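Here's a quick briefing to read with the structure open beside you. Have a look around first, then check the points below against what you see.

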Amino acid sequence: MMVDKRHPAPSGQPGPAAFPLYGFQPPVGTPYGLEVSTVEDFFAEHDDWPWSPPRPGRATFHYLIAVTEGELRHDVDHVTRTVAPGQWLWVRPGHTLCWHPPGSARGPFILFEPDVLRPDIARLLAPLTAHEAPAVLSPHADDSAWLQQTALQLLDEHRALGRRPLDVHHALRRSLLESLLLRLASSPGVAPTGAAMVRAGRGDTYGRFVDALELHFRELHRAADFAELLGCSVRTLSRAARDATGKGVRELIDDRRLLEARRLLGAAQWDARSVAAHLGFTDPANFGRFFRDRTGLTPTAFATRGATTHP
């Protein structure tokens, strides 16, 4: 299901490598960037990894768990989330994640790469797949039973590999996944879904930039770096960012670095020097000025004052 694409940093050395990047690697024979299992099978198949000892990391793909029994504890962006029956956990590409020891949780476990979704459906689902969307979803009561049943149908179809022609099998899996996500998008706390809002808020270039930003904000800090990564001009990227948010690319990069700094100084209780190194600042003093200019507080004062656990 997951493969570590980076080597951990030496003990005590902070930085991007301290958070392994997990790529999507389904079992041999699983087609088209979509895997469906159960959370209990995941724990059983991986024995004592990766929750003993707990290790934070990041994934390049989406995964969501529908809890049907028991209770699941899982860290997302340094905040421990408790997921009860009827709720869904969603970890998106770029989120910092950390598993807790296996408990009594049961339910479908869906992993998929972003490009599994058809482009028109992906645009409709942009508010749900966005990095800032809720990590724990509590669907409307009228939707809960339908969502769980659809997830089980998806699991059944996934396990039916070989029963139908491969293209039909995948079309059914993708159709069930998209139907499930479209219904899940109406959950409380998710921004309204609609083509008009998406056109105004997330063009294709901007959406690709957001995905890239979540994976690379620690090491890439200039608009030109992201334009090169995305294969477009700085002007094109800047226009897409302005149209979507009213902000420039550099401001969006700085906002993301600041958000990570707040999370690490607050809920994760890192020291300022470690945060500075993790976010790519070569000099802790430069990080101190960066943080103070945007918050009015030094990193130490912010940490001492006690940051909110849900930034």
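Predicted model: local features only at pLDDT ≥ 70, side-chain atom pairs only at ≥ 80, totals over all residues.

**The chain overall**
- Count up the secondary structure and you get 13 helices and 11 strands.
- The chain has 311 residues, and 48% of them count as buried.
- Take the contacts between residues at least 6 apart in sequence: 71% of these join residues at least 24 apart.

**Helix α12**
- Helix α12 runs over residues 284-295, so to speak a 12-residue stretch, and its first and last C-alpha atoms sit 16 Å apart, close to the 16 Å expected at 1.5 Å a residue.
- Its buried residues are F287, G288, F290 and F291.
- These four lie on the same side of α12, because the arc they cover around the axis is only 165 degrees.
- As a general point, an α-helix has 3.6 residues a turn, so residues three or four places apart point the same way.
- Among the elements covering the buried residues of α12 are α10 (249-265), α11 (272-278) and α13 (299-305).

- Y32, L161 and L166 make up a nonpolar surface patch of about 290 Å².
- L166 belongs to helix α5, which spans residues 166-184.
- With a relative accessible area of 43%, L166 is partly exposed; patch residues need over 30%, so L166 clears that cut-off.

Terms used. Residues numbered from 1 in each chain as written. Heavy atoms only, no water. Patch = residues over 30% accessible without salt bridge, like charges linked within 9 Å, V, L, I, M, F, W, Y side chains within 5 Å. Areas by Shrake-Rupley, 256 points an atom, 1.4 Å probe, with all protein chains shown as cover. Salt bridge = Lys/Arg side-chain N within 4 Å of Asp/Glu carboxyl O. Helix = DSSP H or I, 4+ residues; strand = E, 2+ residues; numbered from the N terminus. Buried < 20%, exposed > 50% of the residue type's maximum accessible area, 1.4 Å probe, protein only. Contact = heavy atoms within 4.5 Å. Expected span 1.5 Å × (residues − 1). Arc of directions from axis to C-beta.
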